[in-house]
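Dear colleague,

Please find the structure below, handed over for your records.

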Amino acid sequence: MRESESPVRAMDDVDAVTQAVLTASRLLVAVSARSLAEVEERVTLPQFRMLVVLATRGATKLVTLAEQLQVAPSTAMRMVDRLIAAGLADRQANPHSRRETLLQLTVEGRRTVESVTARRRTEIAAIVERLTPVQRLALVEALNAFNQAGAEPLAPAAEDAPAHPLGWTGELPDVS
């Protein structure tokens, strides 16, 4: 923060927030790339994103999948074809409309998502452990607001995680 700036101005600076988010996104992309290292011969980062959407949504129509990924249906179809060839996804007839096809993960696809996510969770947890409890709470609140603004659904919690990841009610503690 420059000396001439007030703390309120610095906190409201879209450019500063954007820079911080871009820096964090570089870190998260690096973590993501490392977590995919074991499966990178079979799955690219965009294909993994598709697997995650299928894991989250369950059986999904191609058009809906393309919308979720913000890609053209033809691009989504090529990605699906590659995932099917790799044994990570398959097609099935929609039981409610035979003219529609649903896409879903195979057992191997679900195992891949779980394995990559576990590696990613472990590495992110190691980074988060370096933060103070107050920094962790502030990060949770900021990222939840950011994710909500970007319409990203909440990632699944670890099996043994409490309902609120830090055990707090969502209010910042009074540190004055």
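**The α4–α5 contact**

In helix α4, Leu62, Leu65, Ala66 and Leu69 meet Pro73, Ala76, Met77, Met79 and Val80 of helix α5; contact here means heavy atoms within 4.5 Å. The residues of this contact divide into 9 nonpolar, no polar and no charged. In that classification Ala, Val, Leu, Ile, Met, Phe, Trp, Tyr, Cys and Pro count as nonpolar, Asp, Glu, Lys and Arg as charged, and the others, Gly among them, as polar. The axes of α4 (residues 62-69) and α5 (residues 73-85) come within 9 Å and cross at roughly 105°. That makes α4 roughly perpendicular to α5, a term that covers angles of 65 to 115 degrees, with under 35 degrees counted as roughly parallel, over 145 as roughly antiparallel and the rest as oblique. Axes are lines fitted to C-alpha atoms, for helices over the stretch in contact, and angles run from 0 to 180 degrees between N-to-C directions.

**Basis of the values**

This is a predicted model, in which local features need pLDDT of at least 70 and side-chain atom pairs count only at pLDDT 80 or more, while totals for chains, interfaces and linings use all residues. Residues are numbered from 1 along each chain as its sequence is written, and side-chain values use heavy atoms, with hydrogens and water left out.

**The chain as a whole**

The chain has 7 helices and 3 strands, and its pattern along the sequence is α-α-α-β-α-α-β-β-α-α. Helices (H or I, at least four residues) and strands (E, at least two) are DSSP runs, numbered from the N terminus. Of the 176 residues, 22% count as buried, where buried means under 20% relative accessible area, exposed over 50% and partly exposed in between (1.4 Å probe, protein chains only). Among contacts with a separation of 6 or more, 54% are between residues 24 or more positions apart.

**The nonpolar core**

The largest nonpolar core holds 22 residues, of which Phe48, Met50, Leu51, Leu54 and Leu65 touch the most other members. Such a core is a set of buried Ala, Val, Leu, Ile, Met, Phe, Trp, Tyr and Cys residues joined through side-chain atoms within 4.5 Å. The elements that give two or more residues to this core are α3 (45-57), α4, α5, β3 (97-105) and α6 (107-128). Helix α3 supplies the largest share, 5 residues.

Leaving aside residues up to four places away in sequence, Phe48 touches Leu36, Val43, Thr112, Val113, Val116, Thr117 and Arg120. Met79, in helix α5, is buried at a relative accessible area of 10%. With the same exclusion of residues up to four places away, Met79 touches Pro46, Gln47, Met50 and Leu69. Met79 and Phe48 are 31 residues apart in sequence and 9.9 Å apart in space, C-alpha to C-alpha.

**Individual exposed residues**

Gln70 lies in the loop between α4 and α5. Its phi is near 55°, a positive value in a residue other than glycine, and Gln70 counts as exposed at 75% relative accessibility. Ala151, in the segment after α7 (133-149), has a positive phi near 60° and is exposed, with a relative accessible area of 64%. Ala93 lies in strand β2 (residues 89-94) and counts as exposed at 54% relative accessibility.

With kind regards
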